[in-house]
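Here's a quick briefing to read alongside the model. Have the 3D view open and follow along as you go.

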Amino acid sequence: MKTWLCLLVALDSIELSAALPAQTSDKPKRNLLFIGQAKGYQHEAISTAMATLYNLGRSSGLWNTVLRTDCTAITKKPLKWEAKNLDAFDAIIFFTDGDLDMDVSQKADLLSYVRDDGKGFIGIHSATITFTKWPAYGEMIGGYFDEHPWGTFNAPVIVEDPAFPGMKQWPSAFTINDEIYQIKDFSRTTTRVLMRLDPSKLDLTNPRVHRRDGDFAVTWARMYGKGRVFYSTLGHVEANWDRPEMQTMIVEAIKWVLKLVDADVTPRAVR
């Protein structure tokens, strides 16, 4: 954890462009648990994302962030030495990959935390290449990684739902240099797509393109029982975490999963 702490100290004095003004409300801050465990691919942007969300929480006054590279806190069981468990948090953020260090009871507690307790879950980029052999996790987050046919490229993105919090600051159509995942086990009957790739500007002859419907979701929101789930494939490229649009998107997504703001996430067909 020393690496994360040194990074946070270095970045704490930086004014993040999307940070909100300090809150004057007497309402207590919410608590977020950010898990950055990598058990497969190694993403350098994890540390940048951690530092960004930590500082956005402080500058906005909306939340406190606990950063972990292990999954010990993902349990409803009491922990030793006053360590915090799920009871202490209002939402979880995964920038993870592979089979994380969670046993059967921890997996059940994670699902119950969102589905039954109505807490929030945010998946960043490689969160969809996490627990790929655990179908219930895929159901919660909304789908799984199925290659990235174009690698890191200037992705042509269409904003489908500018009314969703954190979407209106993006142009209706734009390009962003990032690594966009192709998603399988994904359905618009259960998920509200917020951003997708523009298929008319893609090389669909690439042999790694598996979706024949041309529907490549980039960002989405959905309900999972009583809880709110947000996912975006954006975030592989470290520089994107400095973009005001990206920071605003994440701040508003956190506010939505925390139920500080509402939005229509009724599933719908391609627009």
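This is a predicted model: local features need pLDDT of at least 70, side-chain atom pairs count only at pLDDT 80 or more; totals for chains, interfaces and linings use all residues.

**Aromatic rings**

- Start with Trp134 and Tyr137: their ring centres are 5.9 Å apart and their planes sit at 20 degrees, so the pair counts as stacked. The cut-off that matters here is planes under 30 degrees apart.
- Trp134 and Tyr137 are both buried.
- Next up are Trp170 and Phe174, with ring centres 4.7 Å apart and planes at 15 degrees, so this pair is stacked too.
- Trp170 is buried, and Phe174 is buried as well.
- Back at Trp134, ring pairs tie this residue into a cluster with Phe94, Phe121, Phe131 and Tyr137.

**Strand E10 and its partners**

- How enclosed is strand E10 (residues 217-224)? Seven of its eight residues are buried, so the rest of the structure largely encloses this strand.
- E10 pairs with strand E9 (residues 192-197) through four bridges, and the two run antiparallel.
- E10 also pairs with strand E11 (residues 227-232), again in the antiparallel sense, over six bridges.
- Thr219 is a handy landmark in E10: Met195 stands opposite Thr219, and Thr219 in turn stands opposite Ser232 in E11.
- As background, side chains in a regular strand alternate between the two faces of the sheet.
- E10 and E11 form a hairpin with two residues between the strands, and here Gly225 takes a positive phi near 65 degrees.

- Where does Thr233 lie? Look in the loop between E11 and helix H5 (244-257).
- Thr233 has a relative accessible area of 1%, so it counts as buried; the cut-off for that is under 20%.
- Leaving aside residues up to four places away in sequence, Thr233 touches His125, Glu179, Ile180, Tyr181 and Val218.

Notes:
Residues are numbered from 1 along each chain as its sequence is written. Side-chain values use heavy atoms; hydrogens and water are left out. Rings of Phe, Tyr and Trp (its six-membered ring) pair if their centres lie within 6.5 Å; planes under 30 degrees apart count as stacked, over 60 as edge-to-face and the rest as tilted. Buried means under 20% relative accessible area, exposed over 50%, partly exposed in between (1.4 Å probe, protein chains only). Two strands pair if DSSP finds at least two bridges between them. Contact means heavy atoms within 4.5 Å.
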